[in-house]
Amino acid sequence: PPDVEQLGRSSWTLLHSITASYPVSPSPQLQSETKTFIHTFSKLYPCWYCASDFQAWMKADGNAPRVSSRDEFGSWMCEAHNAVNVKLGKKEFDCGKWEERWRTGWKD
Ligand code: FAD
């Protein structure tokens, strides 16, 4: 099986980078395609127990993908990543800073 940590770091880089380049005002079609992408991604993720927990997390109240704007999508992805951080006993990331980390760069 793939290295779950290396796979995770690479995957989060891809996922947060996608939210960083997501339109501020996405068309209804893109929003629909984005939901499909996340749904399919959660089925194809090549760590079966990670994929299974990620799908279960998305089904819980309030955790359905939010894709109506870059800000919403970026915040949602940060919350999804934090759910895994909590599961693994890692520190939660401050989601007010997702854009600084993944799009504009740190100010200091
Ligand atoms: P990562 O968690 O990979 O984070 C990389 C960088 O992202 C960090 O250095 C930080 O700068 C930034 N970051 C951290 N948190 C956030 C956040 N909330 N929002 C924005 N940026 C942030 N591993 C398992 O062992 N078990 C699992 O069940 C599991 N499920 C996963 C499910 C998914 C969908 C994905 C993509 C990964 C999963 N992983 C899982 C992998 C795990 O999340 C980590 O990627 C891996 O443990 C390596 O962690 P890391 O400490 O190097 O940093």
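Some ground rules come with the model. Because it is predicted, local features need pLDDT of at least 70 and side-chain atom pairs count only at pLDDT 80 or more, while totals for chains, interfaces and linings use all residues. Residues are numbered from 1 along each chain as its sequence is written.

Start with the overall fold. The protein chain has 5 helices and 0 strands. Read from the N terminus, its elements run α-α-α-α-α. Here helices (H or I, at least four residues) and strands (E, at least two) are DSSP runs, numbered from the N terminus.

Now take the dimensions. The C-alpha atoms fill a box of roughly 40 × 35 × 25 Å along the principal axes.

How much of the protein chain is buried? Of its 108 residues, 13% count as buried. A residue is buried if 20 or more other C-beta atoms, placed from the backbone, lie within 10 Å of its own; it is exposed at 12 or fewer, and partly exposed in between. Contacts tell another part of the story. Two residues are in contact if their C-beta atoms, placed from the backbone, lie within 7 Å. Among contacts between residues at least 6 apart in sequence, 54% join residues at least 24 apart.

Next, look at one helix pair. The axes of α1 and α4 come within 8 Å and cross at roughly 160°. Axes are lines fitted to C-alpha atoms, for helices over the stretch in contact, and angles run from 0 to 180 degrees between N-to-C directions. The two helices, α1 and α4, are therefore roughly antiparallel to each other. That label applies to angles over 145 degrees; under 35 counts as roughly parallel, 65 to 115 as roughly perpendicular and the rest as oblique. W12, L15, H16, T19 and A20 in α1 meet R70, F73, G74, M77 and H81 in α4. The residues of this contact divide into 5 nonpolar, 4 polar and 1 charged. In this scheme, Ala, Val, Leu, Ile, Met, Phe, Trp, Tyr, Cys and Pro are nonpolar, Asp, Glu, Lys and Arg are charged, and the others, Gly among them, are polar.

Turn to the ligand. There are 22 residues around the ligand, and G8, C50, C78, H81 and F93 come nearest. A residue counts as near if its C-beta atom, placed from the backbone, lies within 6 Å. Which helix gives the most to this shell? It is α1, with 7 residues. At least two shell residues come from each of α1 (4–20), α3 (48–59), α4 (70–87) and α5 (98–104). By class, the shell has 11 nonpolar, 6 polar and 5 charged residues.

Q31 lies in helix α2, residues 28–44. Q31 is partly exposed, because 19 other C-beta atoms lie within 10 Å. Beyond its neighbours within four places in sequence, Q31 is in contact with P26, V67 and S68. Q31 and F73 are 42 residues apart in sequence, yet 9.8 Å apart in space, C-alpha to C-alpha.

K90 sits in the loop between α4 and α5. K90 has 11 C-beta neighbours inside 10 Å, so K90 counts as exposed. Its C-alpha atom is separated by 26 Å from that of V67, 23 residues apart along the chain.

R103 lies in helix α5. With 15 other C-beta atoms within 10 Å, R103 is partly exposed.
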